[in-house]
Amino acid sequence: MEESRIEKLDDLYRKYAKGLYYYLLRLSGSPSVAEDLVQETFLRATISLSFYRDEDVRPWLYRIARNIYIDEWRRRQRWKWVPFISKDEMISPYGVPEQEAITSETARELADLLALLPENYRTILYLREYEAFTYSELEEALGLTGAQVKVQLYRARQKLKQLGAKEEFWHDRMDEG
């Protein structure tokens, strides 16, 4: 590999690997799966780097990561005996940095509600709210038009509100009993 290409890939890795890891951790629920998927993302990016000319590679990398996650999810659906690690099993004795940062009850409830959303809603909300993607970056990363991004983001937020209202209803019922 030529020197400039190695430097470019190294810069991309330093700049985006951490964000990609947390994005894939949110999707997969497993630190080890997220690490593997980040490595696979950069492997595929290395192969395609010469073809990608755009200055802003962040949406491109997140699109690769999402596609790799979906491929992995589909493969694991075919092989039920190799499941994703459950939420209870992934707790490390050393703590997960993301979970250590989330200290309030509201933030934990929001994370639980996000987990109940379909993958496409969870992805668009995560990229917009946690990674601060612009609408044009969302279009590129998710392969949607501008109108589709707005509609899907609106529907994801509405679904999140509905789930929140249902959770509040059940919490109120449980407190009464």
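Predicted model: local features only at pLDDT ≥ 70, side-chain atom pairs only at ≥ 80, totals over all residues.

Student: How many helices and strands does the protein chain have?

Tutor: Eight helices and zero strands. Both are DSSP runs numbered from the N terminus, with helices being H or I of at least four residues and strands E of at least two.

Student: What share of the residues is buried?

Tutor: Of the 177 residues in the protein chain, 37% are buried. Buried means under 20% relative accessible area, exposed means over 50%, and partly exposed is in between, using a 1.4 Å probe and protein chains only.

Student: Which residues have the most contacts inside the largest nonpolar core?

Tutor: L20, Y23, L24, F42, L61 and L127, in a core of 43 residues. Such a core is a set of buried Ala, Val, Leu, Ile, Met, Phe, Trp, Tyr and Cys residues joined through side-chain atoms within 4.5 Å.

Student: Which helices supply it with at least two residues each?

Tutor: α1 (3-28), α2 (31-48), α3 (58-78), α5 (105-116), α6 (119-130), α7 (135-142) and α8 (146-176). The most comes from α1, which gives 11 residues.

Student: Why does L20 count as buried?

Tutor: Because its relative accessibility is 0%. L20 is in helix α1 and, leaving aside neighbours within four places in sequence, is in contact with V38, T41, F42, L61, Y62 and A65. Contact means heavy atoms within 4.5 Å.

Student: And what does L24 touch?

Tutor: With residues up to four places away in sequence not counted, L24 touches G29, A34, L37, V38, T41, A65 and Y69.

Student: At what angle do α1 and α2 pack?

Tutor: About 145°, with their axes 8 Å apart. Axes are lines fitted to C-alpha atoms, for helices over the stretch in contact, and the angles run from 0 to 180 degrees between N-to-C directions. The residues of this contact divide into 16 nonpolar, four polar and two charged. Here Ala, Val, Leu, Ile, Met, Phe, Trp, Tyr, Cys and Pro count as nonpolar, Asp, Glu, Lys and Arg as charged, and the others, Gly among them, as polar.

Student: How far apart are the axes of α1 and α6?

Tutor: 11 Å, at an angle of about 145°. On the α1 side the residues are G19, Y22, Y23, R26 and L27, and they meet R122, T123, Y126, L127 and Y130 in α6. By class, this contact has six nonpolar, two polar and two charged residues.

Student: New topic. Is R66 buried or exposed?

Tutor: Buried, because its relative accessibility is 15%. R66 lies in helix α3 and touches Y23, E119, N120, T123 and L142, not counting residues up to four places away in sequence.

Student: Last one. Which residues of α7 are buried?

Tutor: E137, L138, A141 and L142. They are on the same side of α7, because they cover an arc of only 110° around the axis, the arc being that of the directions from the helix axis to the C-beta atoms.

Student: What follows α7?

Tutor: G143, whose phi is positive, near 70°.

Terms used:
Residues numbered from 1 in each chain as written. Heavy atoms only, no water.
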